Amino acid sequence: MNLYPSNIVNSIEFDKIVHYLKEECNGELASIYFDNLQFETDLCVIESKLDEVSEMKLSLQSVDPFPVSNYFDSLPDLKLLEIDGYVLSIESLQRINIILRIASKIYSFLNISRQDIYPNLYKIVRVVPFDDFLQREIVRVIDENGEIKSDASLELTMIRRQIQSFQRDLDRVFKNCISDFRSKGFLTENVESVKNGRRVLSVPAEHKRKVKGIIHDESTSGKTTFIEPEAVIEINNEIIELEQEEKREIYRILKELSAKLRPYAPAIRQYQSIIVRMDVIYAKARLAIRLKAVKPILKEKPHFSVLKAFHPLLYLKNQKIDKKTIPFNFQLFGKNRIVVISGPNAGGKSITLKAIGLIQLMLQSGNLVPMDPLSEIGVFENIFGDIGDQQSLEDELSTYSSRLKNAKEFVENANDKSLILIDEFGSGTDPKMGGAIAEGILKELNQKGVYGVITTHFGNLKMFAFKSESILNGCMNFDTETLSPTYELIIGRPGSSFAFEIANKNGLPDSIINYARKRIGKNENAVDELLIDLLRERNDLQDQLNELDEKQKKLQKLIHSYEEMHKELEYKRKKHKLDIKETEIQKADDQVRMLEKLVKELRNQKNMEKAQEAAEKAKLDKEKAMEAAKQITDEIVKHHGKLSTKKLAEGDFVRLRAGGANGKIIKLDKDGEKAMVIIGDMTMTIRLLDLVSINEPLERQELKVKKDIVTDGAKFDAKIDLRGLRMPDALKALEVFVDKAFINSSNSIQILHGKGDGILRKAVKQKIKEYKGIKSISHPSPEFGGDGITNVELL
C-alpha cells in the first residue's frame with residue numbers, strides 16, 4: 001500500500017494501535033513484527049489474516065484457550081548449532097527447549113479434531129510436521145531449572161554419587177576441626193568461610209601458626225587468616241578432581257545432544273516462525289476482544305457501508321473511565337464517494353475522519369475492527385492524508401505551503417483506488433482565496449474518482465458538494481439548546497459552525513456578537529439554510545421516485561402472475577373436459593368387451609344378430625366419444641404450445657401433467673408426438689402433450705395433488721379392473737382413476753390387476769407410491785382375491 005505523507009500513520013494515530021498490540025505479545029519477536037507491520041492490498045490475503053484472528057479470538061473466549069506463552073529468540077543458538085562440532089551451552093538448549101515445548105502444545109491443541117473449528121490456524125501448523133523426539137532428548141538431559149540431570153548418563157550418576165560421599169566426609173571432618181579449634185580459642189566468631197571454592201576456618205592472625213593447613217586468604221585489616229585445615233585437604237582435592245570429571249562428562253553429554261539436534265535445526269527454525277506467527281495473531285485477537293472488534297464483509301473494490309463503528313482509541317480510552325462511546329455510521333451508496341463534513345469545533349469532525357483512516361489501516365493490516373459485522377468495507381491501494389500541522393522548519397515550509405505540497409501529491413498520484421483524508425481543508429490562508437483553491441483541488445480529486453473524507457468550515461465547499469455529483473455533505477450533530485456536540489455523524493446535510501451561539505454561551509459581550517452579525521450580513525447564514533432546504537426537497541423527491549419504482553416492479557410481477565394463472569386455468573379446464581371424455585371412452589370399452597363376451601356366449605343362440613347389433617352400436621358410441629376427445633386434445637395441444645417455452649428433446653427431464661411423476665426422455669418417436677421416458681424403474685411411452693419440461697431434479701419429489709371441483713356430478717366407482725390391458729394403457733387408466741378418487745374425496749379404492757407373473761401388480765404399486773395423499777397399500781386375504789387385488793387407503 002502507498003501511504004503519503006510518510007507520517008500519516010502517526011497522524012491517524014495508528015502508532016498507538018501498534019503500541020497496544022505490542023503490549024499483548026508474549027515474545028520480543030512478535031513485538032518486532034509489529035514495528036514493521038505491512039498493509040495488504042490483496043483481498044484474499046486480508047480475508048485469510050482476519051479469519052485467523054477471528055479463530056484465535058474464538059479460542060481465547062472459550063474454556064480451552066490457545067496455548068501461547070513467553071519464549072525467547074533461539075535463532076542465534078540455531079546458527080551456532082549449524083556449525084559442525086559446535087557444543088551448545090545449557091542456556092542455549094533451554095531456549096530451544098522452550099520453543100519445542102510451546103510448539104508441542106500448539107500442535108497438540110490444533111489436532112485433527114479441531115480442524116473444522118480452527119481451519120485457518122490448523123493450516124499454519126500443518127505445513128511442518130512436529131517431531132517430539134527433539135523435546136524428549138532435551139528433557140532427558142536438562143531439568144526444568146536448567147541443570148543437567150544426574151541420570152543423563154551412567155558415568156555422571158557415579159561421579160555425582162562419589163562427590164556427595166566425599167562432601168559428607170568433608171562435612172564430618174570439618175565439623176570436628178571446628179569443634180577442636182574452637183575449644184582451644186583459635187577461631188573467630190564467624191568460625192568458617194569459603195575461599196577459592198574451599199571451606200576454610202577463620203583464624204585470628206595471632207593463632208595462624210597454631211592451625212596446620214593451607215592459608216588461602218587474609219582479611220583486609222590483616223587480623224583474620226583463612227586456613228584450610230590439614231585434615232580436609234585431601235578430601236577437598238578428591239572433590240575438586242571429581243568436579244572436573246563432572247564438567248568433562250557434562251561437556252560430552254552436551255556435545256552428544258548438540259549432534260542429535262543439529263540435523264533438525266531447520267525444523268526448529270520453522271517451529272519458532274510458527275510460534276511468532278501465532279503470537280502475532282494472539283496479540284491481534286487479544287486487542288480485538290478489548291475492542292469488541294469483528295470481521296466485516298470485505299469488498300475487492302473501494303467501498304464504505306460502515307455501521308455502528310467506534311474510533312478504536314477513543315473506545316479504549318472511554319472504556320477505562322467507564323464512559324459511553326458514541327458509534328457512527330458511514331455509508332456511501334451509488335456513485336457517492338466523498339463526504340465533506342462541516343460543523344462546530346470540538347464536535348467530532350476530526351475524530352470521525354481519523355476513525356475512518358484508522359479503521360481502514362487496521363483492516364488492511366489484518367486486524368479486526370470495532371463495528372457491526374454486517375458492515376461492508378472495500379480495499380484501497382493508496383491512502384493520502386493532510387491531518388494536523390504540517391509546518392516544517394527544516395524544509396522552510398509554512399503550514400499552508402505544506403498543505404499545498406500535499407495537495408499537489410494528491411492530484412498527481414491519486415486514482416479511483418485511493419482514500420483521501422483532509423482535515424480543515426482550505427485553512428491556513430485568506431479564507432476566500434483558500435476556499436477557492438480548495439474547491440479547485442476538490443473538483444480535480446472528484447474527477448479522478450477518489451474516495452475521501454474532508455472536514456471544513458468553508459461555505460463554498462458545502463455548496464460545491466451540494467452541486468457536484470459523487471460528493472455529499474455531512475455534519476456532526478449539535479444540540480442547539482445546550483450548545484453541546486452529540487458526536488453523531490449525519491450524512492446528507494451540511495453543518496453550521498454555531499460561532500455566534502458558542503460565543504454567546506462563553507460570555508462574549510453582545511456588542512461584539514452583534515457587530516460581527518452585521519459584518520457578515522444575512523447571505524452567509526442563508527447559505528446553510530438554503531442547502532438544508534434543497535437537500536430535504538431532493539431527498540423527498542428521491543424517496544418518491546424510489547417508491548414509484550417499487551410499485552412499478554410489484555405491478556409487473558402481478559401482471560405476469562395473472563397471465564400465468566390464466567393460461568394454467570385454461571389448460572386445466574380443457575384437460576378436465578378431456579378426462580371426462582376419456583372416462584366415457586373407458587366405459588364404452590367396458591361395454592364393448594362385455595358385449596363381445598356376450599356374443600361369444602350367444603354365438604350358437606338365435607338372438608346372436610341382436611347382440612352383434614348392440615356391439616356395433618357400442619363401437620359407434622366409442623368412436624364418437626373418441627372423436628370428441630380428439631377435438632378437445634387438439635385444443636389442449638394448441639394451448640400447450642402457448643404454455644411450453646422449451647421444445648422437448650432426448651435427455652430432457654420432464655414431469656407428467658397427470659400424476660406429477662418425474663422422469664427423463666431417452667428417445668423420441670419419428671413423428672415427434674410421443675417419447676420413451678424412464679420413470680423410476682419403469683420405461684413408458686407417453687405423449688409429449690402429457691409432459692412438462694423441468695430442471696434436473698435434486699431429489700425425487702412427491703406428487704402434489706390438487707382437488708378440482710367436479711362439474712358433472714357423476715357418481716364415482718371406487719373399483720377398477722385393469723386385467724387384459726397393455727401396460728401403458730393400464731397405467732394411463734390407473735392415473736385417471738386415482739385422480740378422480742382424489743377429486744371425489746374418496747377414502748379408499750380397489751384395483752383389480754390379477755396375479756399372473758406379478759409385473760402389473762408391481763407397476764401399479766410403484767405408480768400409487770408417486771402420489772402424496774396415500775395412507776396405506778395392502779392386499780386382501782386369499783379368499784377375497786389375495787395378490788390379484790390391491791387396496792389403497794387415501795388421506
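Helices are DSSP runs of H or I with at least four residues, numbered from the N terminus. The model is predicted, so that local features need pLDDT of at least 70 and side-chain atom pairs count only at pLDDT 80 or more, whereas totals for chains, interfaces and linings use all residues. Residues are numbered from 1 along each chain as its sequence is written, and side-chain values use heavy atoms, with hydrogens and water left out.

Points are joined across faces, edges and corners, and a volume is the space filled by probe spheres set on them. The structure holds 2 cavities of 30 Å³ or more.

The largest cavity contains about 100 Å³ of space. Its lining comprises 13 residues, of which Arg 403, Ala 407, Phe 425, Gly 426 and Ile 441 are the closest to the centre. Helices H14 (399-413) and H15 (431-447) each supply at least two lining residues, and H14 gives the most, with 5. By class, this lining has 9 nonpolar, 2 polar and 2 charged residues (nonpolar: Ala, Val, Leu, Ile, Met, Phe, Trp, Tyr, Cys and Pro; charged: Asp, Glu, Lys and Arg; polar: the others, Gly among them).

The second largest cavity contains about 70 Å³. Among its 10 lining residues, Lys 575, Asp 579, Glu 735, Val 736 and Asp 739 are the closest to the centre. Helices H18 (510-601) and H20 (727-743) each supply at least two residues of this lining, the largest share, 6 residues, coming from H20. The lining of the second largest cavity has 3 nonpolar, 1 polar and 6 charged residues.

Key: 1 Å grid on protein atoms, 1.4 Å probe; cavity = no way out; pocket = protein on both sides within 12 Å on 5 of 7 lines; lining within 4 Å.
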